[in-house]
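Trainee: Could you go through this one with me? I'd like to ask a few quick things as we look.

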Amino acid sequence: NHERSLTFIEVGKNNKDGIEQNSGCSQVRRIVNQLSKNGNTSVFGLVDWDGSKRDTQRVFVLSPRVRDGIESLLLDPVILVATIIKENPSFCLSNQIIMKDERYTNIDQWNQERWQSAIDMVQNMVFEKFTSSETIVITYQNSMKLNVKKEYLYFDDHGLEKKVIKAFGFLRDKNKHDGGLLKHITTSVLR
């Protein structure tokens with residue numbers, strides 16, 4: 001019986017000026033290859049697609065040809081709808097993202113049509129204007145299928161985070177440091 005564990009090793013660090021150094025796909029591939037060469041047979045890497053990355057034998061791409069990167073995954077319109085409803089229901093009510101009787105605690109009862117309407121509104125708030133109407137069908141864990149704008153999913157993941165903060169200024173205080181909003185979403189909304 002071989003015990004397995006899953007450990008994420010951060011390859012990039014911010015310097016004293018807040019600029020990320022020693023990060024990216026090449027670092028992940030270098031570290032995974034070095035560990036593998038030195039006998040670690042169970043080490044693997046995970047990198048953002050970034051519009052072009054491909055899997056290797058030991059480094060896998062997160063959501064290739066579907067999402068640009070981890071930010072695109074954690075800022076998925078469904079997750080974003082849940083986040084903004086939880087954080088600022090009055091904003092959502094005044095912008096008709098939710099109706100008078102709807103609350104964060106009952107969005108799990110929404111049907112596909114209701115979800116599609118909400119994510120369309122939120123995507124349009126993040127991207128004031130889309131250059132294409134092309135969508136990708138995303139299937140969620142509950143088997144619900146929603147059409148998400150391809151441009152939203154393919155947009156540079158760090159740029160998407162900036163657009164989200166701009167569209168929903170009340171989330172700015174959750175993003176006081178790199179990755180703050182994403183950490184808030186994973187610990188507060190996805191748990």
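Trainee: Is H184 buried or exposed?
Mentor: H184 is buried, with a relative accessible area of 14%, where buried means under 20%, exposed over 50% and partly exposed in between, using a 1.4 Å probe and protein chains only. This is a predicted model, in which local features need pLDDT of at least 70, side-chain atom pairs count only at pLDDT 80 or more, and totals for chains, interfaces and linings use all residues. Residues are numbered from 1 along each chain as its sequence is written, and side-chain values use heavy atoms, with hydrogens and water left out.

Trainee: What is H184 in contact with, leaving aside neighbours within four places in sequence?
Mentor: With those set aside, H184 is in contact (heavy atoms within 4.5 Å) with E87, K174 and V189.

Trainee: And where does H184 lie?
Mentor: H184 lies in helix 8, helices being DSSP runs of H or I with at least four residues, numbered from the N terminus.

Trainee: How do the axes of helix 3 and helix 8 cross?
Mentor: The axes of helix 3 (residues 77–87) and helix 8 (residues 180–189) cross at roughly 80° and come within 11 Å, each axis being a line fitted to C-alpha atoms over the stretch in contact, with angles running from 0 to 180 degrees between N-to-C directions. That makes helix 3 roughly perpendicular to helix 8, a label for angles of 65 to 115 degrees.

Trainee: Which residues make the contact?
Mentor: Helix 3 contributes I79, A82, T83, K86 and E87, while helix 8 contributes H184, I185, S188 and V189.

How values were computed: Helix = DSSP H or I, 4+ residues; strand = E, 2+ residues; numbered from the N terminus. Parallel < 35°, antiparallel > 145°, perpendicular 65-115°, else oblique.
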